[in-house]
Amino acid sequence: MSDSSHRARGGHQPLWTRDFVCGTLVNFALSTNYFMLMVVMTAYALNVYGAPPALAALCASAFIIGTLLSRFVSAPLMALVGRKPLLLTAAVLEVGMTAFYLVDEPVWALVGLRFAHGVAYGVCSTTIATMVTAGIPAMRKGEGVGYFMLSSTLGSAIGPFAGILMANHLGYPVLFVVACVVVALGVPFVLALKPAEPSPRKEGAKEAALAEASAEDAEAAAQIGPSDEGARELAASADAERAAGVAAAAGGAPSSARARRQAARGAGWLLKAVEPKVLPISAVCGLVLFGYSSLLTFLTPYAGEIGLSRAASVFFVAYALAMFLTRPFTGRAFDRRGPAVVMGPAFFAFAAGMLLVAFSSNDWMILGAALLAGYGVGTVQSCGLAMAVNIADDSRLSVANATFYMLLDAGVGIGPLLLGVVVPVIGYQWLYCCMAAVGIVAFVAFVVVLRRTPSRRHR
């Protein structure tokens with residue numbers, strides 16, 4: 001079958017299934033809850049607890065630390081208890097932990113609550129992303145992931161706006177109640193999900209195929225004459241390799257106990273939590289999110305310094321609008337044209353947006369920068385995830401999702417710490433010039449990754 005006919009047939013595969021819609025709504029509830037609380041938590045610790053600035057910032061960053069650590073355990077937990085049971089448990093914990101913000105606890109208990117809430121959020125977001133991406137048709141991954149991640153985009157626009165509005169005019173208790181209700185609305189959609197769990201029968205089929213191939217090799221070796229010693233050795237070697245593959249598929253002991261012990265002592269534990277195949281593209285996307293963290297952390301004080309606070313107050317609304325408008329188109333283009341054509345311009349759009357922020361002199365320049373950055377970050381993030389799930393084996397999909405989000409969390413989490421040291425030295429304007437350079441470096445890294453990435457389903 002030709003590639004074009006295969007694409008045509010893939011295009012008729014249903015995307016908007018019940019599980020896809022329910023999973024997207026769950027992710028929207030999680031994202032909205034996350035952003036509603038994140039944008040006010042530092043101010044909450046300062047105003048209500050009278051915490052020093054460093055401790056108040058820790059109340060916000062503890063959530064990110066918990067989220068990052070949860071990525072390491074999400075995939076093993078999915079394999080242990082199943083995707084839906086894990087998602088339901090974590091979603092219920094999300095509701096309970098949001099309700100705990102109403103309790104008048106000490107400030108260090110608030111830090112601990114933020115950390116635990118981050119763990120629950122990380123498990124939820126990784127699991128729901130795995131469940132949804134697993135159900136997207138192979139030939140519509142870019143489009144499907146783009147639509148799915150629009151739920152995060154809407155959450156990133158509605159959450160901060162609602163959180164700041166309620167904190168300033170209705171008070172923090174009202175904000176916490178609404179945030180609790182929002183995330184609780186996602187629980188019925190979790191219950192409505194009927195995802196297909198990874199079947200062990202697939203592994204059994206692989207084992208049977210390997211065993212059959214091994215038997216064929218043995219039969220071929222028996223038919224080789226005594227004079228064909230080289231051919232006999234080659235057949236015996238192939239048979240040994242097949243047998244080793246059967247043993248690995250069956251979960252049995254490898255031929256070398258020493259090799260097994262070395263693997264166990266070495267990277268064995270890491271491979272359970274990290275998918276090496278998707279590390280390169282995840283690192284590229286994490287680099288872009290590192291640049292994006294400069295906007296989250298320093299845009300407000302910079303805008304105040306240059307007298308553009310009014311435009312900065314709606315920066316992220318324009319940013320989210322650009323994501324919302326472009327993601328459906330970029331997702332379809334990704335499926336039809338591949339990642340290079342779609343993602344390449346996005347890196348330059350991000351870099352241009354950072355330069356526009358650096359040299360902004362009026363409100364329109366700030367808003368133009370928001371549109372460019374929203375298109376750039378949104379396209380890189382969604383298409384990068386589509387690349388990751390396309391590269392990974394189906395049996396490692398949960399680990400691939402966890403690895404991808406792990407690198408994104410690292411970029412957003414490390415950014416404020418490192419850039420906070422740099423800003424006093426170089427100033428805000430040069431900071432954003434440097435972030436433009438980061439966008440170009442990310443593009444170069446993307447080109448290298450793309451050349452070394454096996455073409456599987458995204459072509």
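1. Helices (H or I, at least four residues) and strands (E, at least two) are DSSP runs, numbered from the N terminus. On that basis the chain has 18 helices and zero strands.

2. This is a predicted model, in which local features need pLDDT of at least 70, side-chain atom pairs count only at pLDDT 80 or more, and totals for chains, interfaces and linings use all residues. Residues are numbered from 1 along each chain as its sequence is written, and side-chain values use heavy atoms, with hydrogens and water left out.

3. Of the chain's 459 residues, 48% count as buried. Buried means under 20% relative accessible area, exposed over 50%, partly exposed in between (1.4 Å probe, protein chains only). Among contacts (heavy atoms within 4.5 Å) with a separation of 6 or more, 85% come from residues 24 or more positions apart.

4. Helix H2, residues 18–49. H2 still bends by about 45° at Met41. The bend is the angle between axes fitted to the seven residues ending there and the seven starting there. Just after H2, Gly50 has a positive phi of about 65°.

5. Aromatic pairs. Rings of Phe, Tyr and Trp (its six-membered ring) pair if their centres lie within 6.5 Å; planes under 30 degrees apart are stacked, over 60 edge-to-face, the rest tilted. The whole structure holds 21 such pairs. One is Tyr44 with Tyr49, edge-to-face at 5.6 Å centre to centre and 85° between the planes. Tyr44 is buried at 6% relative accessible area. Tyr49, at 21%, counts as partly exposed.

6. A pair in H15. Phe316 and Tyr319 are also edge-to-face, 6.0 Å centre to centre with 70° between the planes. They sit three residues apart in helix H15 (residues 315–337), so about one helical turn separates them. Phe316 is partly exposed at 24%; Tyr319 is buried at 3%.

7. H6 against H7. Helix H6 (residues 141–169) and helix H7 (residues 172–184) pack at about 145°, axes 7 Å apart. Axes are lines fitted to C-alpha atoms, for helices over the stretch in contact, and angles run from 0 to 180 degrees between N-to-C directions. Gly163, Met166 and Ala167 of H6 meet Tyr172, Leu175 and Val178 of H7. By class, the contact has five nonpolar, one polar and no charged residues. Ala, Val, Leu, Ile, Met, Phe, Trp, Tyr, Cys and Pro count as nonpolar, Asp, Glu, Lys and Arg as charged, and the others, Gly among them, as polar.
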